[in-house]
Amino acid sequence: MGALLEVILPVFLVIGAGYIAVKRDLFSNEGADALMKFTQSFAIPCLLFRGIAELELGAYFEPRLLASYYLPAIAGFTLGTLGARLIFGRPWEDSIAIGFCCLFSNAVLLGLPITERAYGEGALSPNYAIIAVNAPICYGIGITAMEVVRNKGGGLWHTAKAVWRAITHNALIIGIALGFVVNITSLPLPGVLTDAIDLMIRAALPAAIFGLGGVLARYKLEGDTGPVIMVCALMLVVQPSLTWLVAGATGVGTGAFRSVVLTSAMAPGVNAYVFANMYGVGKRVAASAVLISTALSVLTLWVWLAVLP
């Protein structure tokens, strides 16, 4: 009970506050969009920049950690896509959008604050290593699969351009890339600049999770029960279980083990809906899955925190 009260509930109370504020017209949809724009385009990129700039690359940016997270994530994408197609008879384009919901966990808006509250700020280095390649890998897989299925444009070259554009126009990726530049070159930063970045960082997570609640308030629970249940089961139970097995087999350290399992246990992020909306397919499933799995994760994260070493 202590883990639920001290770690999980404070985060979800802030999400709930954002949800109620928008539902009750105390905070506008436009305001929630603006808040998310601020956090995802400015504040969180600053957070990721600082985290990557100070990350011990040799200690945390290692194949065992990344394999422990991304092999189960890719398995989730495959199972979600094939399940939507073969079990629920959805078109291939819908199936890929549903599979993407089982690939892109909310590693930033939920993963970072939950891990920080559970194990302290010093435990976030493995999280930063995972997040550093999260968007390139996930968008690369999703966009490539969708473009292959659609078979439009200029074939391989068209697909490569679509993947490159999605990655390089992402503010989170830009922040991460600049962090790598500073880390690798040991570039000294002026104190006034780091102080300004720290001000942005302090606003990042509280504003982001409040804004997340506001964004979730516009989603509606509409049909598609089977695919939504499948997404919730894969993201909240199957994927973290596979991550536990892979991380245990590869022998990652205790701190990295906690971070990778907990990150894999997060609900799908709003990027799942963004991807579905970008292609105009599977939007209802993506919206419902994000909303329901985020609510269910209050309980499932409690269980994962209880069993983690």
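Which residues are buried in α7? The views below answer this and show other parts of the model.

**About the model.** This is a predicted model, in which local features need pLDDT of at least 70, side-chain atom pairs count only at pLDDT 80 or more, and totals for chains, interfaces and linings use all residues. Residues are numbered from 1 along each chain as its sequence is written, and side-chain values use heavy atoms, with hydrogens and water left out.

**View 1. Helix α7, residues 125-132.** The buried residues in α7 are S125, P126, N127, Y128, A129, I130, I131 and A132. Because eight of the eight residues are buried, this helix is largely enclosed by the rest of the structure. Here, buried means under 20% relative accessible area, exposed means over 50%, and partly exposed lies in between (1.4 Å probe, protein chains only). Helices are DSSP runs (H or I, at least four residues), numbered from the N terminus.

**View 2. The second largest pocket, with a volume of about 410 Å³.** Its lining has 17 residues, and L47, E121, L124, Y128 and I201 lie nearest the centre. The elements giving two or more residues to this lining are α2, α6 (111-119), α7 and α11, and α11 gives the most, with five. (A pocket is an open set of points on a 1 Å grid over the protein atoms alone, where a 1.4 Å probe fits, with protein on both sides within 12 Å along at least five of seven lines; lining residues have an atom within 4 Å of a point.)

**View 3. A nonpolar surface patch of about 580 Å².** Look for L82, L86, I87, F88, W92 and V149, which make this patch. Helix α4 (residues 63-87) gives the most to it, with three residues. W92 sits in helix α5 (residues 92-101) and is partly exposed, at a relative accessible area of 37%. (Patch residues have over 30% relative accessible area and no salt bridge, and nonpolar side chains are joined within 5 Å; a salt bridge is a side-chain nitrogen of Lys or Arg within 4 Å of a carboxyl oxygen of Asp or Glu.)

**View 4. D25, in the loop between α1 (2-23) and α2 (29-53).** D25 is a residue other than glycine, yet its phi is positive, near 60°. With 69% relative accessibility, D25 counts as exposed.

**View 5. S186, in the loop between α10 (171-185) and α11 (191-216).** Although S186 is not a glycine, its phi is positive, at about 55°. S186 counts as exposed, with 59% relative accessibility.

Definitions and conventions
Patch = residues over 30% accessible without salt bridge, like charges linked within 9 Å, V, L, I, M, F, W, Y side chains within 5 Å. Areas by Shrake-Rupley, 256 points an atom, 1.4 Å probe, with all protein chains shown as cover. Points joined across faces, edges and corners; volume = space filled by probe spheres on them.
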